[in-house]
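Dear colleague,

Please find below the structure I am handing over to you, together with its sequence. My findings follow directly after it.

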Amino acid sequence: MKKDIFDFEYEELVNEFSKLGLEKYRVDQVLDWIFQKKVFDFNEMSNLSKENRTVLSERFSISLPSLIDMQISNVDKTTKFLWRLEDGNTIESVLLFHSDRVTACISSQVGCAAKCVFCATGQSGFVRNLRAGEIVSQVVAMEFHRRVNIGNIVYMGMGEPLLNYDQVLKSVKILHSEKTKNMSMRRISISTVGIPEKIIKLADDLPEIKLAISLHAPNNYKRDMIVPMNKKYSVEEIIYAAKEYQKKTKNRVTFEYILIREFNDFADDAEKLAEILKGMGAYVNLIPVNPVESESNLKMERPHYWVVERFKKILDEHNIENEIRKEKGTDIDAACGQLRRRNVESQKGKKMEG
Ligand code: SAH
């Protein structure tokens, strides 16, 4: 079996190449072809000898996920990609265009075990972890297909990154290397449902990246209803881990808070949220929910505009810095996981018909 070149950190690749009698600078050349020039065939790497090209293509694959579907928003260029992996599984990634930079939102797992009730990915269940190479190649493939230079990476696509800790860690290191994507750690964010011990570990392993925690409710009673994982890791444990993380890294943590109409959007909820985050210097992202179909009994609607504003004002009054997240790609399947879900459903339909 060929080895996926995207699975290797620089030093590992140097080692692999040396086993084949290839010098270190050959690794630099190959990585430059792939990450800068976007050439994905060893035979087109003109500064390698014919023998080297043959040896390398026998040992390594440069496998990008294959593109099944790409939707580009007419409103703001937001681009959603649906990819097929080598084993036939599908994942999504998204490009978001800001005035000064392009952000890539990438997946860390096929499906997700967290099963948050508002999330399209969770509804289809967990399938498997992605390898580091499958995480890295999403970035390369998006740059290739849309001819852009990605300036920010967020692990906010499908899956729970901290439940695929080792491969996620490795992918961050690969993307950070100056020999590959050369992505600054400060421009990488990991978003988690909140796994306390992994948050604390992250403070040691990747102290410079940004951390976002999907809190969504200010107490266990409400959080239990929308984030099943809360039964295992309570709000208190998560806040404690976030504080430890901040102490160690001196980084401010972002809390994501999805606003669901008449569920967690009351003035009381805002007051309680302000109370538990008091003194942390945290940042809150307020996200009016993107309604997705779900088996839950909970009605998932967006709050009225003034309710969102009221929530924000209460946080402001308590000096909790926050913003209301602006929606992007409103004209394409906006919520994460929707593209894949539609695809999986239609495959099921086809199978039943056939
Ligand atoms: N598992 C990680 C990362 C994937 S979810 C996490 O939980 O953070 C990335 C973000 O998208 C999370 O904040 C998640 O809560 C949010 N999200 C998922 N479904 C959503 C929806 N229907 N509307 C708005 N945000 C959603």
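The ligand is surrounded by 18 residues, and the closest are Phe118, Ser191, Ser214, His216 and Asn290. Please bear in mind that this is a predicted model. Sorted by class, the shell around the ligand comprises nine nonpolar, seven polar and two charged residues.

A ligand nitrogen atom lies 2.8 Å from a polar backbone atom of phenylalanine 118. One oxygen atom of the ligand is 2.6 Å from an N or O atom in the side chain of serine 214, and an oxygen atom of the ligand is 3.4 Å from a polar backbone atom of valine 193. The ligand taken alone exposes 530 Å², of which the protein buries 91%. Strand E10 (188-192) and strand E12 (254-259) are the elements that give two or more residues to the shell.

The second topic is a pair of helices. Helix H7 (residues 196-205) packs with helix H9 (residues 235-249) at an angle of about 5°, and their axes are 9 Å apart. Angles under 35 degrees count as roughly parallel, and H7 and H9 are therefore roughly parallel to each other. On the H7 side, the contact is made by Pro196, Ile199, Ile200, Leu202, Ala203 and Asp204. These meet residues of H9, namely Glu237, Ile238, Ala241, Ala242, Glu244, Tyr245, Lys248 and Thr249. By class, this contact of H7 with H9 has nine nonpolar, one polar and four charged residues.

With kind regards

Note on methods: Residues are numbered from 1 along each chain as its sequence is written. This is a predicted model: local features need pLDDT of at least 70, side-chain atom pairs count only at pLDDT 80 or more; totals for chains, interfaces and linings use all residues. Side-chain values use heavy atoms; hydrogens and water are left out. Axes are lines fitted to C-alpha atoms, for helices over the stretch in contact, and angles run from 0 to 180 degrees between N-to-C directions. Helices (H or I, at least four residues) and strands (E, at least two) are DSSP runs, numbered from the N terminus. Angles under 35 degrees count as roughly parallel, over 145 as roughly antiparallel, 65 to 115 as roughly perpendicular and the rest as oblique. Contact means heavy atoms within 4.5 Å. Ala, Val, Leu, Ile, Met, Phe, Trp, Tyr, Cys and Pro count as nonpolar, Asp, Glu, Lys and Arg as charged, and the others, Gly among them, as polar. A residue is near a molecule or strand if one of its heavy atoms lies within 4 Å of it. A polar contact is a pair of N or O atoms within 3.5 Å; within protein, one must be able to donate a hydrogen and the other to accept it, and residues adjacent in sequence count only if both atoms are side-chain atoms. Accessible areas come from the Shrake-Rupley method with a 1.4 Å probe; for residues, only the protein chains shown count as cover.
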